[in-house]
Amino acid sequence: MSHDEDWHMEFDRISAGITDWLDGAGVGDAVVGIEHVGSTAVCGLWAKPIIDLDLVYADSGRLAEVVSALEALGYEDEGELGIAGREAFSYSGKPELMTHHLYACPVGSSELARHRAFRDYLRTHPAAVREYSEVKREAASRSPDDIDAYIEAKSPCIERLWGFIRVGE
């Protein structure tokens, strides 16, 4: 769907709730911040209405505490799901919140750097946003119920855009 400015407010609401919970659980100091990544973080980019959040933690020795606190909040640790340096979480029973994906990444992880770099590139390159939006719209219309086909259809565009992105710059 077309970009919705409310997505930024929804990110703020979800991340504030998580931050407040972690602070109350005594592990907030283990978290450096929570970043809005993914398509909903880029103004003008067509996106499925799902907020992607990267919870950034500083000390891997405290990850178990953070995971435990998130589980008490209703998130379920799903592990890395094949992507090293990123812990994925699912949830249920949060109808008051917009649909979202929560990941935990350590400071300095390559996955966090990739998320930031792709988001930041798109935020500063309107032509790339237009191109990627069109590819995503077409992929979603061809495969509305097949996430694997949707991802496969947009992958060539993502790979092409990565040719212009320098991670860590």
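Two strands pair if DSSP finds at least two bridges between them. Helices (H or I, at least four residues) and strands (E, at least two) are DSSP runs, numbered from the N terminus. The model here is predicted: local features need pLDDT of at least 70, side-chain atom pairs count only at pLDDT 80 or more, and totals for chains, interfaces and linings use all residues. Residues are numbered from 1 along each chain as its sequence is written, and side-chain values use heavy atoms, with hydrogens and water left out.

Start with the sheet. Strands of a sheet pair through backbone hydrogen bonds, either parallel or antiparallel. Here five strands form an open sheet in the order β1-β2-β5-β4-β3, with mixed pairing. β1 and β3 (75-79) stand at the edges, each with a single partner strand, so one side of each has no neighbour in the sheet. On average, neighbouring strands of this sheet are turned by 25° against each other, direction ignored.

Now look at β2. Strand β1 (residues 31-37) runs antiparallel to β2, and six bridges join them. V31 has Y57 as its bridge partner in β2. I34 has L55. With β5, β2 pairs in the parallel sense over seven bridges.

How many residues of strand β2 (residues 51-57) are buried? Seven of its seven are. Buried means under 20% relative accessible area, against over 50% for exposed and in between for partly exposed (1.4 Å probe, protein chains only). Both faces are covered: I51, L53, L55 and Y57 are buried on one side, and D52, D54 and V56 on the other.

A helix comes next. Helix α2 (residues 63-72) lies across β1, β2, β3, β4 (87-91) and β5, at about 135° to β3. Contact means heavy atoms within 4.5 Å. Axes are lines fitted to C-alpha atoms, for helices over the stretch in contact, and angles run from 0 to 180 degrees between N-to-C directions.

Last, the largest pocket. On a 1 Å grid over the protein atoms alone, a pocket is an open set of points where a 1.4 Å probe fits, with protein on both sides within 12 Å along at least five of seven lines; lining residues have an atom within 4 Å of a point. The largest pocket is lined by 30 residues, and G38, S39, D52, Y132 and K154 lie nearest its centre. α5 gives the most to this lining, with eight residues.
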